[in-house]
Structure formats: C-alpha cells, structure tokens
Amino acid sequence: MTRAWTKWMTAAVAAAMAIMLPRAAGAQVLGSDAAACTGGGGPAILARIEGLKDRKGNLKLELYPADEEDFLADDGVLERAGKTFRRVQVPTPAGSGPLAMCIRVPHPGRYALLFTHDRDGKNKFNFWTDGAGFPANTKLGRRKPPLASALIDVPSGVANVTIRAQYLRGLGGFGPID
C-alpha cells in the first residue's frame with residue numbers, strides 16, 4: 001500500500017469511529033433531530049455534552065449564522081429576516097453517563113453553535129446558575145464569547161463535536177467545574 005492510501009484509510013477509520021463514539025460510549029442521542037444523527041442522515045451536528053454540574057432543568061442547542069452581527073441575536077429577529085436559527089431543547093435526563101444531542105442544519109456549511117444548561121427550567125439564561133458551552137471549549141471568563149469559539153463546519157453528513165459545559169466560578173467568570 002502507498003503512504004497516501006494508508007493515511008487516507010487511517011483518516012476514514014478515525015472519522016467512522018467519531019461518528020459512532022456517542023453510541024459506542026453508551027450515550028443516547030437526545031432531541032427532536034436525533035434521527036438526523038443516528039440514521040446516517042445529515043447534514044447535522046452531533047454534540048457530546050460533558051461536565052454538567054447536575055441533572056436538573058433543560059439542555060439546549062442553538063444554531064446561528066456564522067457572522068458577528070447574527071451571533072447570539074434574538075431568534076425572532078433572525079427568523080423574521082429569513083436567517084438561520086434552530087433550537088433543540090430537551091429535559092435533562094436523570095442518571096449519569098454520557099449525553100449527546102443532535103441538531104439539523106439547513107445545508108452543509110459553517111455555523112455558530114451554542115449549548116446551554118437551563119438548570120432552573122425557566123427558559124431564560126440565569127448568569128448565576130446556568131451553564132453554557134461552545135465547540136472550541138475555551139474558557140469563557142466574564143465576557144461575551146467570541147464568534148470564533150462557536151464556529152463549526154458541517155459536511156453533508158454529521159459533524160461531531162464535544163462541548164464541555166461551563167458555569168460561573170467566582171470572580172474568574174465562567175469555566176468548567178472540573
């Protein structure tokens with residue numbers, strides 16, 4: 001075999017394993033879009049969620065356009081303007097173990113993705129108690145996260161990402177709990 005063939009095969013096996021990772025690790029794929037990630041569908045994002053503070057409230061994934069103006073903009077404003085916005089929300093499952101959520105995207109391309117853990121279930125982000133995370137998993141601190149931390153490229157299939165939840169950690173702002 002040629003060196004290029006071996007390199008291509010290694011990449012193909014790694015990609016296949018990444019697609020199967022949440023199922024192999026025992027994670028149930030949550031959300032109304034789960035079939036887009038488990039049935040070989042797509043385009044979609046399969047987000048493995050780690051580092052939850054507890055198993056209360058609701059989990060939410062939100063999809064935004066990949067530009068500064070629209071990143072974290074009001075969903076009603078985005079929808080009225082015909083721009084990309086999608087939300088998948090589920091009750092936090094009881095128990096322990098890995099979690100994975102799926103969100104469909106309109107077509108392959110670059111998007112911004114936000115994960116939130118709405119611990120009190122009031123559907124409004126509470127800075128003091130709720131958690132958040134982005135694909136880049138950089139520490140959020142006390143500032144609005146930069147667009148670059150939320151960007152994800154989605155192919156015609158399923159993009160896999162691991163998001164580590166972050167919560168308020170004193171004066172240092174948001175960070176992982178462990």
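**Close-up views of a predicted model**

**View 1. In β5, Met 101 is the bridge partner of Leu 30.** The model shown here and in the views below is predicted. The strand that faces β5 in this view is β1, and the two pair in the parallel sense over three bridges. Strand β5 covers residues 99-104, and β1 covers residues 28-30. In general, strands of a sheet pair through backbone hydrogen bonds, and the pairing is either parallel or antiparallel.

**View 2. Four strands make an open sheet with mixed pairing.** Read across the sheet, the order of the strands is β1-β5-β2-β9. Strands β1 and β9 (158-164) stand at the edges; each has a single partner strand, so one side of each is left without a neighbour in the sheet. On average, neighbouring strands of this sheet are turned by 30° against each other, with direction ignored.

**View 3. Arg 48 is a buried residue of strand β2.** Strand β2 is made up of residues 44-50. The relative accessible area of Arg 48 is 15%, and a residue under 20% counts as buried, which is why Arg 48 is placed in that class. Its side chain is joined to the side chain of Glu 50 by a polar contact of 3.4 Å. Which distance in space separates Arg 48 from Leu 99, C-alpha to C-alpha? The two C-alpha atoms are 5.8 Å apart, while the residues are 51 positions apart in sequence.

**View 4. Asp 33 sits in the loop between β1 and α2.** Helix α2 spans residues 34-38. Is Asp 33 buried or exposed? Asp 33 is buried, with a relative accessible area of 4%. A polar atom of its side chain lies 2.9 Å from the backbone nitrogen of Arg 104. Arg 104 is also one of the residues in contact with Asp 33 when neighbours within four places in sequence are left aside.

**View 5. A disulfide joins Cys 37 and Cys 102.** The count of disulfides comes to one. The sulfur atoms of Cys 37 and Cys 102 are 2.0 Å apart. The link is right-handed, with 80° about the S-S bond. Cys 37 belongs to helix α2 and Cys 102 to strand β5, so the pair links distant parts of the chain, 65 residues apart. Both cysteines are buried.

**View 6. Phe 127 forms aromatic pairs with Trp 128 and Phe 174.** In general, a pair of aromatic rings is described by the distance of the centres and the angle of the planes. For Phe 127 and Trp 128, the centres are 5.4 Å apart and the planes are at 85°, an edge-to-face pair. Phe 127 is partly exposed, with a relative accessible area of 36%, whereas Trp 128 is exposed, at 66%. The rings of Phe 127 and Phe 174 have centres 5.2 Å apart and planes at 70°, so this pair is edge-to-face. Phe 127 lies in the loop between β6 (109-118) and β7 (131-133), and Phe 174 lies in strand β11 (residues 174-175), so the pair ties together parts that are 47 residues apart in sequence. Phe 174 counts as buried, at 6% relative accessibility.

**View 7. Tyr 64, Phe 71, Phe 85 and Phe 134 form one aromatic cluster.** The count of aromatic pairs comes to six.

**View 8. His 117 is a buried residue of strand β6.** Its relative accessibility is 0%. Which residues does His 117 touch, not counting those up to four places away in sequence? They are Leu 52, Lys 53, Asp 54, Lys 56, Asn 58, Leu 59, Thr 92, Asp 130, Gly 131 and Tyr 167.

**View 9. The chain as a whole has three helices and 11 strands.** From the N terminus on, its elements run α-β-α-β-β-α-β-β-β-β-β-β-β-β. Of the 178 residues, 42% count as buried. Among contacts with a separation of 6 or more, 72% are between residues 24 or more positions apart.

Terms used
Residues numbered from 1 in each chain as written. Heavy atoms only, no water. Pairing = 2+ DSSP bridges. Axes fitted to C-alpha atoms, helices over the stretch in contact; angles between N-to-C directions. Buried < 20%, exposed > 50% of the residue type's maximum accessible area, 1.4 Å probe, protein only. Polar contact = N/O pair within 3.5 Å; in protein donor to acceptor, adjacent residues only side chain to side chain. Contact = heavy atoms within 4.5 Å. Phe/Tyr/Trp six-rings, centres within 6.5 Å; stacked < 30°, edge-to-face > 60°. Disulfide = S-S within 2.5 Å.
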